Amino acid sequence: METQAGEVAQVDFGYVGKIYDPSEGQLRKAWVFVMTLSHSRHLFAEIVFDQRIETWLMLHVQAFAYLGGVPRVLVPDNLKAAVVRAAFGVDEEVVLNRSYRELARHYGFQIDPTPPRSPEKKGKVERSVRYLKGSFFRTWESVDIAEDRRELRRWIEEVAAVRRHGTTGRVPGEVFEKEEREALLALPPRPWQLVTWRRAKLHRDSHVQSEGAFYSAPWRFIGEDLWLRCTLKTVEIHRQDERVAVHGRVARGQRSTQEGHLPEERRDHRHRSRSYWEDRAEAIGAEVLDLVVAIFDSDDVLLQLRKVQAIVRHLEGFPAMRARRAAARALAYSSLEYRSIKSILAKGLDLEPLPEKRGREWMRSARFARDPSDYNAS
């Protein structure tokens, strides 16, 4: 089937055996990614170690940069990086990978997936893959992935692009330069930012997991499958088409939690450290910090966390001056219970002056001291 210049390109992967990976020091399974322009048969190819969605997207970016433009329609196979659900008939709906959709919107191309079990619908790229395997990979003795990639690029320019194509009878590189390069869509002015979409269930702790890190979402969606839109710096959480949370990326094993996403009765449950509550108490005043430290230190075995939580939260509901005076009064009378602090504030005792510190009576009057004359010799 003949197509207009710049109209269609077909894309596919082909397995090429094991290639040495210097970064891991071992042989790994490798594939060649091929994009073939349907009009000129000019192609782009790259060797990779996986078919992950991130790899799939970046290979398209590299191909467009190499060609200097974008075909209007791309015909991929039904791999998961492109098609989530294939259509077996005209009445069935194709579901495209969301990440692939974003790439298409950015570059302005449309996607026309190959129908299942119909490899002839992308016969041009199928033949390109066979050509690569039978020519380059059969004659080139693999060194490592870096050297193989450099040699493949040279082979495309010096062999594949200048051969006379068996079907068209024309030279792909010449047709590309004369007819197709200018017919391609222009590259967008701003570079593509890698975006991947993932499904993730919101767990009972109001967090989803992505690449070993945890991000909070509103607790009312617990148990639902949500969509994660991941960039290099952010993770957006979507419920269907509604964005419900935005987080900065955190490292594997870390959590990013927004208080408003947690149920009211559980929001403070994650703050289990003494230092957190001491910092929160100090924000009210030094007297409150002294009270909290005294409560924590009052029992060397039983953790006083729940008591401290209740007291600090209660004091935060009053003006800072009253909270500090109530804490000072509680310390003066060694009243370290929640009900005592609550009572001080309820009765307004914090507004009364504290009694002056006075020494013990016997120290002042020295009732038990002997008269100096008793020491005189008679």
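Colleague: Which pLDDT does the chain average, and where is it below 50?

Modeller: pLDDT is the predictor's confidence in each residue, from 0 to 100. The chain averages 86, and 85% of the residues score at least 70. Over residues 84–94 the value is below 50, although this stretch has 17 contacts in the model beyond near neighbours in sequence; contact means heavy atoms within 4.5 Å. Residues 361–369 also stay under 50, with 4 contacts beyond four places in sequence. Where pLDDT is low, the predicted coordinates should not be read in detail.

Colleague: In what order do the 5 strands of the open sheet come?

Modeller: Two strands pair if DSSP finds at least two bridges between them. The order is β3-β2-β1-β4-β7, with mixed pairing. At the edges are β3 (43–48) and β7 (110–111), each pairing on one side only. Helix α5 (residues 145–158) packs on this sheet, touching β1 (8–21), β2 (26–37) and β3, and its direction makes about 170° with that of β3. For that angle, axes are lines fitted to C-alpha atoms, for helices over the stretch in contact, and angles run from 0 to 180 degrees between N-to-C directions.

Colleague: Which strands run antiparallel, and which pair in the parallel sense?

Modeller: β1 and β2 run antiparallel, joined by 12 bridges, and Gly17 has Ala30 in β2 as its bridge partner. They form a hairpin with 4 residues between them, where Gly25 in the turn has a positive phi of about 70°. β2 and β3 are also antiparallel, over 6 bridges; Met35 stands opposite Phe44, and Phe33 has Glu46 as its partner. Their hairpin has 5 residues between the strands, and Arg41 in the turn has a positive phi of about 70°. On the parallel side, β4 (residues 73–75) pairs with β7 over 2 bridges, with Leu74 opposite Ile111.

Colleague: Why is β3 described as largely enclosed?

Modeller: In a regular strand the side chains alternate between the two faces of the sheet. In β3, 6 of the 6 residues are buried, so the strand is largely enclosed by the rest of the structure. Leu43, Ala45 and Ile47 are buried on one side, and Phe44, Glu46 and Val48 on the other.

Colleague: And the helices: why do the buried residues of α6 line one face?

Modeller: The idea is to look down the axis; the arc is that of the directions from the helix axis to the C-beta atoms. In α6 (residues 172–180), Pro172, Gly173, Val175, Phe176 and Glu180 are buried. They fall within an arc of 165°, so they line one face of the helix. Their cover includes β2 and α1 (53–67).

Colleague: How many residues of α2 are buried?

Modeller: In α2 (residues 98–107), 7 of the 10 residues are buried, making the helix mostly covered. Among them are Tyr100, Leu103, His106 and Tyr107. The elements covering them include β1, α1, β4, β7, β8 (196–201) and β11 (225–230).

Colleague: One last stop: where is Glu352, and which residues does Glu352 touch?

Modeller: Glu352 lies in the loop between α11 (338–346) and α12 (361–365). This residue is partly exposed, with a relative accessible area of 41%, and touches Arg325 and Arg329, not counting residues up to four places away in sequence. The C-alpha atoms of Glu352 and Ala326 are separated by 9.9 Å, though these residues are 26 apart along the chain.

Technical notes. Residues numbered from 1 in each chain as written. Predicted model: local features only at pLDDT ≥ 70, side-chain atom pairs only at ≥ 80, totals over all residues. Heavy atoms only, no water. Buried < 20%, exposed > 50% of the residue type's maximum accessible area, 1.4 Å probe, protein only.
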